[in-house]
Amino acid sequence: MLQFITKRTATLVAAVVVSSFAVFLIPYFTPGDPVRKIIRSRVAGDAIDESAVQGLSESLGLNDPLAVQYFRWLGDFFSGDMGLSFVSRTPVAEQVLPALSVTLSLVTMALVLAAAIALPLGIVAGLRPGSTADKAITAVTQALIAMPEYWVAPVLVLVFALKLSVLPTAGWNDLSSAVLPALTLALRPISFFTSAVRTGIIDAAAAEHVPAARARGLSQGQAILRHVVPNGLVPLSTLFAVWFAGLLGGSVIVEVIFAVPGMGRLLFDAVVNSDIPLAQGGVVVVVALAVGVTTLADFVHRFLSRTVGASLA
Amino acid sequence: MNPVNAGLVLDGLQVGHKTHDGGTSGGPLLSDVSLSVEPGEFVALVGSSGSGKTLTAMSCLQLLPPSLGITGGSIRLGDLDLTRASEHQLNSVRGGRLGMLFQQPKRMFNPNRTIEQHLKEPLRLHAGLRGSKARSKALELLEEVGFADPAKGIRAYPHQLSGGMAQRAMTAVALAGQPGMLLADEPTSALDKVLERQILQLLDRERRERGLGILYITHNIASVAAYADRVLVMNAGSIVEAGPAGELLTRPRTDYTRELLAAARLAPESRRRPPSRERDILVLDGVGKHFGSRRKLGHAALQDVSLTLKRGEILGVLGQSGSGKSTLAKAIVGLEAASTGSIFRQLDTAGPREGTAVQLVFQEPHSAFDPRMTLRTSLQAPLRPSHDLSPEQRDERIAAVMAEVELDAALLDKRPGQCSGGQLQRATIARALLLEPQVLICDEATSALDALTQRTILNLLLRLQRERNLSLIVISHDMDVVRYMCDRVAVLLEGRVVEVAETKDFFAAPGHPHSQALVQASIPCRADGLWSVLDVAKP
């Protein structure tokens, strides 16, 4: 187990380092010279003094070798100095951290909501595959996949905010303002979770140890509760983590539509405004978090399913 | 005798397929099955696979698959008619008054729960024990079934136990509810002789000490002769013969029973052929195989194994589970490289490509084929790399080997799930023959089959050996198979060869203490006059 943890942690660090290097290189592949952009944003008129360009490059350390620049950037980054935003001239960390906390709450709410809906649906469908209930659940959840967020979100706003006036249209103030964005974000996970739970339950119910449990005197209900449902839910832990990691950076559309000040919104604005330090900071934080969550899920999955990796041990 | 013990009586039991409207379709799977097991009685139910033995047991527990139903007759446990009992009554009967011991213990445990969690279920349901009381009772049970370290065993997950330990744990679970009657469905068919004997002795002790009634389902006639009071013979869903063990085994009245008994009596005496004067075709010199990191000196599956195989010879490799038999097979075929030592092949010059001249016949025929492919596709696969064959020639070759293993060519378009174990094992052999091997390694090739099928497969192998002058290595834990087939025997113990001898000499006077234990265990331990049935000398 210790060996497993060490290996996975090393993989995690490697993934973060490699991706951060890719992120560090972004400015070198973007059109336009950032130094000139900075100067242009500060001086009036189109003419740029070449000596000012040289001076700023020197003072920003842009004339040093790439490797030196990278490690300086990485060192600064992990000590909390993610640089200054080109646009707002405030430290990137001060913008990323609040946005991160917003997105974390939004994604957590969406996935908890998705799991809360998908678990009972998947269990009901999986225990009686081929039944009317199963067919209805499968049809509805499959239809959810086909509904894009940019269509669902306005429809929800139209119904709940404008017609019924029970929920706010946009913003991020109290819990009620989180309902619509979380629900929109939850739709596709609901579909995938339901189908995963359904398959997991069908497989678990077909296992030979289930009639063996009945032969020990467990009732149908007890056998399902103790031997079918827990085994059927094991695959969900991994899926949950994959979606969590995916939604951290994938909530852009929902955040933009509902004006939620989260990571997706922040990255969107950073890209639109060519705010490279902000984009870099945001992406590295999202990547590190995504890799961390996935690794954690591997630990959880391994703990839940005893036989995974048993042959490796 | 325990007063709650009550006899199990089946009267005219009939089981068939259920249709949606509650009726039945097709012929009955069980018809007019009548039998009784009294408390303290050891009754054997024998028959080849598919004869309905397991179905009978599952009917008693009212745990038939949803597509099947009881269409007639009654099953009484004492005063209670199980076919009419409420679900509530049945829950207290199952695992309580009527226990069940399954074959394939590993698949019958929930892989995500410990042995303790499994044991506590019947203890809570049937003995009302919880918490620390349940735990101490569980430890007691594990000790009773032969766990050397119950405190460690109780924490184990099923996959951490060996096959034998898992079967003992399963026995402890079955006995936890203090059943008066036990349905034991082939509880030892996956075990080697030594473990089989331990489990059966344990059940026999429960029978003597507290009047446990046992319905022992098996196709292993030797164990029946050793323990059973009465024997019931089942064929195609009906009881065809019944009687006291001594009488039925010595004077069978039906042809079917005679066939079963003949199949069980594989080796009336050791195979006797003059020692081969042929040259060696395979020479193993100091072969070793280590698993795990070299630094930590990982588990050694094979150590310093030196063996020779002569051309046309049949060499038996005997050993208990975990002795390194399968690793040896894989090393010889080349599926796993040996860590140390060398394996020389001295093949006939006339032979085809050297790489495929040694072929392997696997243990589990169902897992040796891709379930999604037809047998034709599976059999075509080994011929693909040789580009010198036209599709017609390829089909001819396949048709020829199918005829050689006595399989209908129509089977080629079936998938593994549609074939019986015996048919698939023939197909496995056919696939091995396609590449015209000179050495065939049979790794427990018949241990998953019932006695009748086993015999036909062994005879097929003997005929192929004769006709093609093949050299065979027969790897088995079954003494009878080795005795029936082999010219010489090698015994593996913990990865080492401890004895090599001519088969006849080996069974007459095994040299190594482990060999003696193996030979001893293969002889049933019964006091009455049934030894003649088994054609073995009284120990």
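This briefing describes the contact between chains A and B and one sheet of chain B. The model is predicted. Between the two chains, 17 residues of chain A are in contact with 23 residues of chain B. Within chain B, six strands form an open sheet with mixed pairing.

- On the side of chain A that touches chain B, the elements giving two or more residues are helix H10 (209-215) and helix H11 (220-250) of chain A.
- H10(A) gives the most to this side of chain A, with five residues.
- By residue class, the side of chain A that touches chain B divides into six nonpolar, seven polar and four charged residues.

**The sheet of chain B**

- The order of the strands in chain B is S15-S16-S17-S13-S18-S19.
- Strand S15 (358-361) and strand S19 (496-502) of chain B are the edge strands, and each pairs on one side only.
- On average, neighbouring strands of this sheet are turned by 20° against each other, direction ignored.
- Strands of a sheet pair through backbone hydrogen bonds, and the pairing is either parallel or antiparallel.

**Strands S16 and S17 of chain B**

- Strand S16 (residues 439-443) and strand S17 (residues 471-476) of chain B run parallel and are joined by five bridges.
- Val439(B) has Ser471(B) of S17(B) standing opposite.

**A helix across the sheet strands**

- Helix H15 (residues 421-434) of chain B lies across S15 and S16 of chain B.

Notes. Residues are numbered from 1 along each chain as its sequence is written. Chains are lettered from A and ligands numbered from 1 in the order in which they are written. This is a predicted model: local features need pLDDT of at least 70, side-chain atom pairs count only at pLDDT 80 or more; totals for chains, interfaces and linings use all residues. Two residues are in contact if their C-beta atoms, placed from the backbone, lie within 7 Å. Helices (H or I, at least four residues) and strands (E, at least two) are DSSP runs, numbered from the N terminus. Ala, Val, Leu, Ile, Met, Phe, Trp, Tyr, Cys and Pro count as nonpolar, Asp, Glu, Lys and Arg as charged, and the others, Gly among them, as polar. Two strands pair if DSSP finds at least two bridges between them. Axes are lines fitted to C-alpha atoms, for helices over the stretch in contact, and angles run from 0 to 180 degrees between N-to-C directions.
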